[in-house]
Amino acid sequence: MDPQILASQLRHPSGEHASEVALNMNSANGQLNVKCIDLLNLQNSESLLEIGPGNGVFAADIIKRADNLSYTGVDWSADMVAEAKRMNEDIVTSGQATFQQGNSSQLNFDNNVFDKVLTVHTLYFWDNPLEHLVEIRRVLKPQGLFCLAFGESSFMKDLPFVPYGFELYDRELACNLLQDAGFRLLNAEYYAEQGVSNTGEVVDKIINIIICKA
Ligand SMILES: C[S@@+](CC[C@H](N)C(=O)[O-])C[C@H]1O[C@@H](n2cnc3c(N)ncnc32)[C@H](O)[C@@H]1O
């Protein structure tokens, strides 16, 4: 796929390419998502909000991590929300998972609702990241946990689709933003993986996983 088209699909999967791009993301980002879910250490009866789940393929794993978990996925792509509902029909019907269209700059939830929030490979697309982080903290319960995962700028900068609208971050910049939004940093680690990128090439990925408390 042309890098410019791929970039716009990664930002906002839609139209004829959306399903294929989402499936590629599932395999490219699968191990990373599992690692983030592990780090959130879900406990019985907790609620988790995922920002930018794409086709929501990890929701089924998330709700199996403990008893009586509830999962909410918010994605700004209507096509992804429809795909996520279709792919997760059983857990949506049972009430364990919901998917809705929305933007983390303005979430349609009351204050202090979620125990945990997860977002993977979304930060690059936010025009005013502080606005999003403040909003995420607003919907987290006091002491709730937030997991933010994104590619380190030194690794991302050479990917062919990145010049088309990606804002890159290193760990220090992201940690400063999180603290400015009022989060307390608990753990920041690099997750290194050799794997297939969204372009289909094998690359050495360096990903930041930051866990912080509301
Ligand atoms: C690059 S994909 C990553 C998908 C998935 N999290 C993964 O790890 O494979 C980015 C997804 O997040 C969505 N997205 C990005 N920023 C968002 C925001 N601020 N609010 C809601 N959805 C967002 C996009 O529509 C897209 O589905």
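A polar contact is a pair of N or O atoms within 3.5 Å. I note this first, since my entries on the ligand rest on that cut-off. I also note that the model I examined is predicted.

I looked up arginine 11 and found one of its backbone N or O atoms 3.4 Å from an oxygen atom of the ligand. I then turned to asparagine 33, where an N or O atom of the side chain is 3.1 Å from a ligand oxygen atom. For aspartate 75, I recorded 2.6 Å between a polar side-chain atom and an oxygen atom of the ligand.

I asked how much of the ligand's accessible area the protein covers. On its own the ligand has 590 Å² of accessible area, and the protein covers 98% of this. I also found that the largest cavity is the space that the ligand takes.

I counted 24 residues surrounding the ligand, and I listed Asn29, Gly52, Asp75, Ser104 and Trp126 as the closest. By class, the shell holds ten nonpolar, twelve polar and two charged residues. Which elements give two or more residues to the shell? They are α1 (3-11), α2 (18-40) and β2 (70-75). Of the shell, α2 supplies the largest share, with three residues.

I consulted the UniProt record, an unreviewed entry, which places the feature "domain: Methyltransferase type" at residues 49-147. Over residues 49-147 I noted 31% helix and 29% strand.

Terms used. Residues numbered from 1 in each chain as written. Predicted model: local features only at pLDDT ≥ 70, side-chain atom pairs only at ≥ 80, totals over all residues. Heavy atoms only, no water. Near = heavy atom within 4 Å. Polar contact = N/O pair within 3.5 Å; in protein donor to acceptor, adjacent residues only side chain to side chain. Areas by Shrake-Rupley, 256 points an atom, 1.4 Å probe, with all protein chains shown as cover. 1 Å grid on protein atoms, 1.4 Å probe; cavity = no way out; pocket = protein on both sides within 12 Å on 5 of 7 lines; lining within 4 Å. Sits in = over half its atoms within 2 Å of the grid points. Helix = DSSP H or I, 4+ residues; strand = E, 2+ residues; numbered from the N terminus. Nonpolar A, V, L, I, M, F, W, Y, C, P; charged D, E, K, R; others polar. UniProt positions renumbered as here; feature names shortened; annotations may be inferred.
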